[in-house]
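Have a look at it first.

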Amino acid sequence: MSDGTAVGHAPQAHHTTTGISHNKMLMWAFLASDCMFFGSLIWVYMVYRGRSLEGPYPQEILNIPYTSVSAAVLLLSSLAMVLALHGIQHGNMRRFRVWLGATAALGALFLGGQYFEFTEFYHHGLSLEQNLFGTTFFVLTGFHGTHVGIGIIWLVTLILMSLFGRLSPADAERVEIAGLYWHFVDIVWIVIFTLVYLIPY
Amino acid sequence: MQQGQPVVERAHPGPVTYVKIAVILAIVTIIEVATYYLESFFGAALVPILLVLSAAKFVLVVGFYMHLKFDAPLLRGMFAWGMTVAIGITLAMLALYKL
């Protein structure tokens, strides 16, 4: 599938047994394992959902409008990421840097929002050891936030490498692999947003 | 398969498709949040609706932004395997502890 406005990037065959880049395959294997990691955190959250014996309870403190904006910010960062990849694949390093910078900035905005949310919850009496909701919520969303943080460091590293001439359009696959990680962080949030925030308690 | 043999991959989409997907994702998110506020209207159908909308967003991001729709079937299989195990364990644990 290709747009009328831009020629789609044609994947190239690699000289490997499968014809697929080993690095890319390794990243997909990691993402498959990370599915299981987050799957474990999610089922623990779901099992203990609604079983807290004392407050604060989720329906008292979850802020849906605020988190909806955070979710939109992360979705927008995914668009910026894929546009950055398109830029480097087509040899446009300036466009690559601008969109990758936007991705990292939106990721940082999401992370800042999460920090604010955690702080607010803490002021309302919710801590890691307060009740089952606090334990499972902070562990699940905290590990997701950690993933976002690692992603931001990765993206900034790529920007710096390109500025110092260590990253060129020939290295587009490095950006594609970072992009896979970043989009994965986004899809995990899509699931968390629904299961933790939107499904009524 | 011989080394270096071309795999079945198709060209990735361009910016116009990516922006269209972003618009669809934004609309689905708005519908999700609106559905949340109309809980009394949807009743028991609320949870299935939210899960379907969430799954739609998930598939769009994986298919178009992660290019799994266009990349080699082997990669789809690897990710599907991880997802299947994760969903299977989640459902098994929910059945074990909730039912």
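## What α4(A) packs against

The buried residues of α4(A) pack against α2 (58-61), α3 (64-89), α5 (132-163) and α6 (172-198) of chain A. Those buried residues are F96(A), W99(A), L100(A), T103(A), A104(A), L106(A), G107(A), F110(A) and F121(A). Buried is used when 20 or more other C-beta atoms, placed from the backbone, lie within 10 Å of a residue's own. Contact asks for C-beta atoms, placed from the backbone, within 7 Å, and helices are DSSP runs (H or I, at least four residues), numbered from the N terminus.

This is a predicted model: local features need pLDDT of at least 70, side-chain atom pairs count only at pLDDT 80 or more, and totals for chains, interfaces and linings use all residues. Residues are numbered from 1 along each chain as its sequence is written, while chains are lettered from A and ligands numbered from 1 in the order in which they are written.

## Its length and its end

After α4(A) comes G125(A), with a positive phi near 95 degrees.

## Where the chains meet

Chain B puts 54 residues into the contact and chain A puts in 51 residues. On the side of chain B that touches chain A, α4(B) gives the largest share, 16 residues.

Methods. A residue is buried if 20 or more other C-beta atoms lie within 10 Å of its own, exposed if 12 or fewer, and partly exposed in between; C-beta atoms are placed from the backbone. Helices (H or I, at least four residues) and strands (E, at least two) are DSSP runs, numbered from the N terminus. Two residues are in contact if their C-beta atoms, placed from the backbone, lie within 7 Å.
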